[in-house]
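This briefing is intended for a reader who has the sequence and the model at hand. It begins with the chain as a whole and then turns to selected strands and residues.

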Amino acid sequence: PRVYSPNGIVPVDDAIKEKRLHELVAVYGIKRKVVIQNTHLKEILGVDRSKSTLEIKGFKLVRNGYKMETKSTTGGLVVVNATYYPFFKARAGSKNLPVIPVNAVQMAIKIPPGNQIVSLIYERPSLATKIPKMVDKMLD
């Protein structure tokens with residue numbers, strides 16, 4: 001699926017070899033579990049998949065990203081079957097949400113409890129916005 005709520009988390013060492021990482025993803029991905037490097041575990045602290053009630057009520061592609069509707073009394077994770085890039089920003093209302101690389105090629109979002117409209121938008125700064133800032137720094 002393009003978007004799903006995983007039913008388990010498999011932490012792995014940060015120094016894991018890429019081949020081994022992909023082997024684990026092949027084993028656990030089919031079971032809808034996410035493989036996540038230890039570095040990113042702190043970003044999903046408090047997510048207990050055994051008690052999660054997260055439901056994905058809707059999903060659609062929007063300009064530069066995705067929009068999802070979720071419902072949960074506990075919060076949880078949503079995995080987006082798209083390549084992780086650090087320029088993706090997730091929000092529920094005005095609240096920024098962490099976007100975490102998982103499964104070597106996907107990204108996950110930690111969703112707070114309640115009914116949420118979550119947007120995941122690619123927001124890479126353009127050169128036109130970076131040049132004035134670079135010039136300002138040089139002049140300081």
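How many positive and how many negative side chains does the chain have, and how far apart do the centres of the two sets lie? The chain carries 23 positive and 11 negative side chains, and 5 Å separates the centres of these two sets. The model is predicted, and every value below is computed from it.

**Overall architecture**

- Two helices and 11 strands make up the secondary structure of the chain.
- In sequence order, these elements follow the pattern β-β-α-β-β-β-β-β-β-β-β-β-α.
- Along the principal axes, the C-alpha atoms fill a box of roughly 55 × 40 × 25 Å.
- The chain comprises 140 residues, of which 36% count as buried.
- When contacts between residues at least 6 apart in sequence are considered, 66% of them join residues at least 24 apart.

**Strand β6 and its pairing**

- Strand β6 spans residues 76–80 and is mostly covered, with five of its five residues buried.
- Strand β1, formed by residues 3–4, pairs with β6 in the antiparallel sense over two bridges.
- Within this pairing, V80 of β6 is the bridge partner of V3.
- Strand β10, residues 106–111, also pairs with β6 in the antiparallel sense; this pairing extends over five bridges.
- V80 has a bridge partner in β10 as well, namely M107.
- In a regular strand, side chains alternate between the two faces of the sheet.
- G76 belongs to strand β6.
- G76 counts as buried because its relative accessibility is 3%, and the cut-off for a buried residue is under 20%.
- From C-alpha to C-alpha, G76 lies 17 Å from P1 in space, while the two residues are 75 apart in sequence.

**S72 in strand β5**

- S72 is located in strand β5, which covers residues 65–72.
- The relative accessible area of S72 is 5%, so this residue is classed as buried.
- A polar atom of the S72 side chain lies 3.0 Å from the backbone nitrogen of T74.
- The S72 side chain also reaches the backbone nitrogen of G75, at 2.7 Å.
- With neighbours within four places in sequence left aside, the contacts of S72 are T53, L54, P113 and G114.

**Loop residues with positive phi**

- N64 is a residue other than glycine with a positive phi, near 65°.
- The position of N64 is in the loop between β4 (55–62) and β5.
- Is N64 buried, partly exposed or exposed? N64 is partly exposed, because its relative accessible area is 44% and thus falls between the 20% and 50% cut-offs.
- A104, likewise not a glycine, has a positive phi near 70°.
- The loop that holds A104 runs between β9 (99–102) and β10.
- A104 has a relative accessibility of 39% and therefore counts as partly exposed.

How values were computed
Residues are numbered from 1 along each chain as its sequence is written. This is a predicted model: local features need pLDDT of at least 70, side-chain atom pairs count only at pLDDT 80 or more; totals for chains, interfaces and linings use all residues. Side-chain values use heavy atoms; hydrogens and water are left out. Buried means under 20% relative accessible area, exposed over 50%, partly exposed in between (1.4 Å probe, protein chains only). Helices (H or I, at least four residues) and strands (E, at least two) are DSSP runs, numbered from the N terminus. Two strands pair if DSSP finds at least two bridges between them. A polar contact is a pair of N or O atoms within 3.5 Å; within protein, one must be able to donate a hydrogen and the other to accept it, and residues adjacent in sequence count only if both atoms are side-chain atoms. Contact means heavy atoms within 4.5 Å. Lys and Arg count as positive and Asp and Glu as negative; His and the chain ends are not counted. The place of a charge is taken as NZ of Lys, CZ of Arg, CG of Asp or CD of Glu.
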